[in-house]
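Me: I would like to go through a protein structure step by step. Could we begin with the overall picture and then turn to the details?

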Amino acid sequence: MAKADFYETLGVSREADEKALKSAYRKLAMQFHPDRNPGDSDAEAKFKEVNEAYETLKDPQKRAAYDRFGHAAFENGGGGAGGFSGFGGGAGGFSDIFEDIFGEMMGGARARRGGGRERGGDLRYNMEITLEDAYQGKTAQIRVPTSAICEVCEGTGAKPGTQPVTCTTCNGSGRVRAASGFFSIERTCPTCEGRGQIIADPCENCGGQGRVIQERSLSVNIPAGIEDGTRIRIAGEGEAGFRGGPAGDLYIFISVKPHEFFQRDGADLYCKVPISMTKAALGGQFEVATMDGAYTRVKVPEGTQSGRQFRLKGKGMPVLRQSQMGDLYIQINVETPQSLSRRQRELLQEFDEISAKENSPQSTGFFSRMKEFFDIGD
């Protein structure tokens, strides 16, 4: 089976410059890398094709030979004297780009270069608030145990009056190179752990970390209308960076306590209100409390059925960061009388005897239709 054209493999034109070649290679290598496609033999084969194409075209001499002779330039020993074989172990070889592409797979060694300074970790804080807090908004004071910059060494990790020294194993690069067959792989320096520097005389207060554990008090603004599960990010309030690195962020996860009377759905509120059977039959009114602390009168029409809803416009929750309000829905639950006295029972029986079918059209009509459907005689 004939080999695919190297330019087609990378998806570039024959006039593509070095930058375009590298960009195309980065994208394809990330897509077909075996670590991202475990057990996929097709992806592994494609990854090898992409590597071969890039290793050829990124080298000016190899590319010139390929443009003139095609794949024949590297067949039958053609890659010997001209230096076209293998991936190359010198500058600009595969290992030089490997960490640039797959740095996060190899442990993020690049993030630790530059004097050993590392970004601090992000922190999570779980905050529970009431529905009233979510309605009104609030400013909350929280205490967060975290790491802060060591004041003794000012975050360097070194004893005052001393400085970190360059790692002699990696000469300050934070990486060491090891050859394995055709590949030259770079890995994190085991001596300095990729930081490029070593603390020969560590600070006694922080043990060379450049940070210490302490509890901080923070003021957090909870906006009106915030919903359950919302995440608030406070930049730079996470853990202090390692040896003077930038601080991480603090993420506050909001949970809203269940309310005794109201259920929330977005900006709308729902409230189930029980009323007596007589009020539902004769009609009437009642007052219901709203989240703003006021009372609103609800009129109940004559013959109101259980489950009917009444909408109170603008009496729901605020919409987050908008000048809008949701609605409050009152759902009626008609309560059946219990623990009847003898007189009450007599009155209800009398009412049942004298009531006409039109007083209960739904129940009368339901049973009539059921009998008709199943052809049940009286």
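Predicted model: local features only at pLDDT ≥ 70, side-chain atom pairs only at ≥ 80, totals over all residues.

Me: How many helices and strands does the protein have?

Reply: The secondary structure comprises 9 helices and 15 strands.

Me: And what share of the residues is buried?

Reply: Of the 378 residues of the protein, 34% count as buried.

Me: What about contacts between residues 24 or more positions apart?

Reply: Such pairs make up 62% of the protein's contacts with a separation of 6 or more.

Me: Let us move to the helices. How is their packing described in general?

Reply: Two packed helices are described by the angle between their axes and by the distance between those axes.

Me: At what angle do H2 and H3 cross, then?

Reply: Helix H2, residues 18–32, and helix H3, residues 41–57, cross at roughly 160 degrees, and their axes come within 9 Å. Angles over 145 degrees count as roughly antiparallel, so H2 is roughly antiparallel to H3. The crossing of H2 past H3 is left-handed.

Me: Which residues make that contact?

Reply: From H2 the contributors are Leu 21, Lys 22, Tyr 25, Leu 28, Ala 29 and Phe 32. From H3 they are Ala 43, Lys 46, Phe 47, Val 50, Asn 51, Tyr 54 and Leu 57. By class, the contact of H2 with H3 has 10 nonpolar, 1 polar and 2 charged residues.

Me: How do H3 and H4 pack?

Reply: The axes of H3 and helix H4, residues 60–69, are 6 Å apart, and the angle is about 105 degrees. An angle from 65 to 115 degrees counts as roughly perpendicular, and H3 and H4 are therefore described in that way.

Me: Which residues meet there?

Reply: Glu 55, Thr 56 and Leu 57 of H3 meet Lys 62, Arg 63 and Tyr 66 of H4. The contact of H3 with H4 divides into 2 nonpolar, 1 polar and 3 charged residues.

Me: Now the sheets. How do strands pair in general?

Reply: Strands of a sheet pair through backbone hydrogen bonds, in either a parallel or an antiparallel sense.

Me: In what order do the strands of the sheet with E1 lie?

Reply: The order is E1-E9-E8, an open sheet of 3 strands with mixed pairing. Its edge strands are E1 (123–129) and E8 (231–234), each of which pairs on one side only. The twist from one strand to the next averages 25 degrees. E8 and E9, the latter at residues 250–256, run antiparallel and are joined by 4 bridges. Within that pairing, Ile 234 has Leu 250 in E9 as its bridge partner.

Me: What is the strand order in the sheet of 4 strands?

Reply: That open sheet has the order E10-E11-E15-E14, and its pairing is mixed. E10 (263–265) and E14 stand at the edges with a single partner strand each, so one side of each has no neighbour in the sheet. Direction ignored, neighbouring strands are turned by 30 degrees against each other on average.

Me: Which way do E11 and E15 run, parallel or antiparallel?

Reply: E11 (residues 268–276) and E15 (residues 328–335) pair in the parallel sense over 8 bridges. E14 (residues 309–312) pairs with E15 in the antiparallel sense over 4 bridges. Ile 330 in E15 stands opposite Cys 271, and Phe 310 also stands opposite Ile 330.

Me: What about E10 and E11?

Reply: These strands run antiparallel and are joined by 3 bridges. Asp 265 stands opposite Asp 268 in E11.

Terms used
Residues numbered from 1 in each chain as written. Heavy atoms only, no water. Pairing = 2+ DSSP bridges. Helix = DSSP H or I, 4+ residues; strand = E, 2+ residues; numbered from the N terminus. Axes fitted to C-alpha atoms, helices over the stretch in contact; angles between N-to-C directions. Parallel < 35°, antiparallel > 145°, perpendicular 65-115°, else oblique. Left-handed = near helix turned anticlockwise from the far one by under 90°. Contact = heavy atoms within 4.5 Å. Nonpolar A, V, L, I, M, F, W, Y, C, P; charged D, E, K, R; others polar. Buried < 20%, exposed > 50% of the residue type's maximum accessible area, 1.4 Å probe, protein only.
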